Amino acid sequence: MTYNYSFPVLVLSALFLSFTCSAQQDSQKKYTLFNPVPKSLMREMETDRPDVTESPYTVDAGHIQYEADVIRLKREESEQTKTKILLINQANVKIGITGSTAIQIGFQSYGVQNETDKNSGDISKTRGFGDITLRIKQNITGNNNGNFVMALLPYAKIPSSQYDDESRFEYGLIVPMLYKFAGEWNLGFQVEVDQLKDQDLPEMHTEFLQTLTISHPLTKSIEGIAETYYTYDFKAHEFSNYINAALQMEVAKNFKLDAGLNYGLQHHAEKHYFIGFSYLR
């Protein structure tokens, strides 16, 4: 099975780029996890949330950033079932390792899933701790200067969920990019390839995702974000289209609140509604 080798190859590729890109990008002193960047030299906090498009920036070496959904509601429907999931404290802990590399540990602290069988009307309800996701973000260019920023972000999801009995090992590679325009306009885009579990079967499929997001400050402390993206299931030959909107407010330095929605246009596509925050220390 090629599945056993794909993810390690992605990780090793990212680690290789970590060494080569660090040597190319950092002419300044080498800061590390154990030799943190001084607060006076830290970059402005950049977050992977609230949109689907990830940030290509990494956390400064030796610092930790915590991002989480305080609450997230997900709705999804297939030919056989209707599913509603409530997630509490779905978090992502980001740790700066070098000037261009960070590791991330994602976890779902608590989830409640209601699944309704559309044929029988039976409802099953499960709850408990969710899945764990491990990620490595390697910035390729633009981490410290320039208008174009790009990164690689391989990930693997560990099926530790207590509320989802059908959770499976999943993995993929994310390539986020950002272009900064004049007037504080930012254009983000992302391509992603994932190996995911089928919704109603234990089998797997390959999925492609592409995003386009635009953001701009609405006030001194509030940023508006609009996004569209699509996914393509190579097995089912099926597109899903989404439109997203979110607001992010800077409450204090290195602390932001956000709220928004990810709305699937097709009947089968997921709908998400969420409130969250980000904190850097």
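Reader: What share of the contacts in the protein with a separation of 6 or more comes from residues 24 or more positions apart?

Author: This is a predicted model, in which local features need pLDDT of at least 70, side-chain atom pairs count only at pLDDT 80 or more, and totals for chains, interfaces and linings use all residues. Residues are numbered from 1 along each chain as its sequence is written, and side-chain values use heavy atoms, with hydrogens and water left out. A contact means heavy atoms within 4.5 Å. Among contacts with a separation of 6 or more, the share from residues 24 or more positions apart is 54%.

Reader: What is the mean pLDDT of the protein, and over which residues does pLDDT stay under 50?

Author: pLDDT is the predictor's confidence in each residue, from 0 to 100. Its mean is 91, and 90% of the residues reach 70 or more. Where pLDDT is low, the predicted coordinates should not be read in detail. The stretch where pLDDT stays under 50 is residues 1-5.

Reader: Which pattern does the protein follow along the sequence?

Author: Helices (H or I, at least four residues) and strands (E, at least two) are DSSP runs, numbered from the N terminus. The protein has one helix and 13 strands. Read along the sequence, the pattern is α-β-β-β-β-β-β-β-β-β-β-β-β-β.

Reader: Is Ser278 buried or exposed?

Author: Ser278 belongs to strand E13, residues 271-280. Beyond its neighbours within four places in sequence, Ser278 has contacts that include Met45, Tyr66, Phe255 and Lys256. Buried means under 20% relative accessible area, exposed over 50%, and partly exposed in between (1.4 Å probe, protein chains only). Because its relative accessibility is 0%, Ser278 counts as buried.

Reader: Why does Ser78 count as buried?

Author: Ser78 is found in the loop between strand E1 (64-77) and strand E2 (81-96). Not counting residues up to four places away in sequence, Ser78 touches Lys118, Gln199 and Asp200. Ser78 counts as buried because its relative accessibility is 10%.

Reader: How far apart are the C-alpha atoms of Ser78 and Asp117?

Author: Along the chain, Ser78 and Asp117 are 39 residues apart. The separation of their C-alpha atoms is 9.9 Å.

Reader: What percentage of the 281 residues in the protein do buried residues make up?

Author: The count covers the 281 residues of the protein, with Ser278 at 0% relative accessibility counted as buried. Of these 281 residues, the buried share is 44%.
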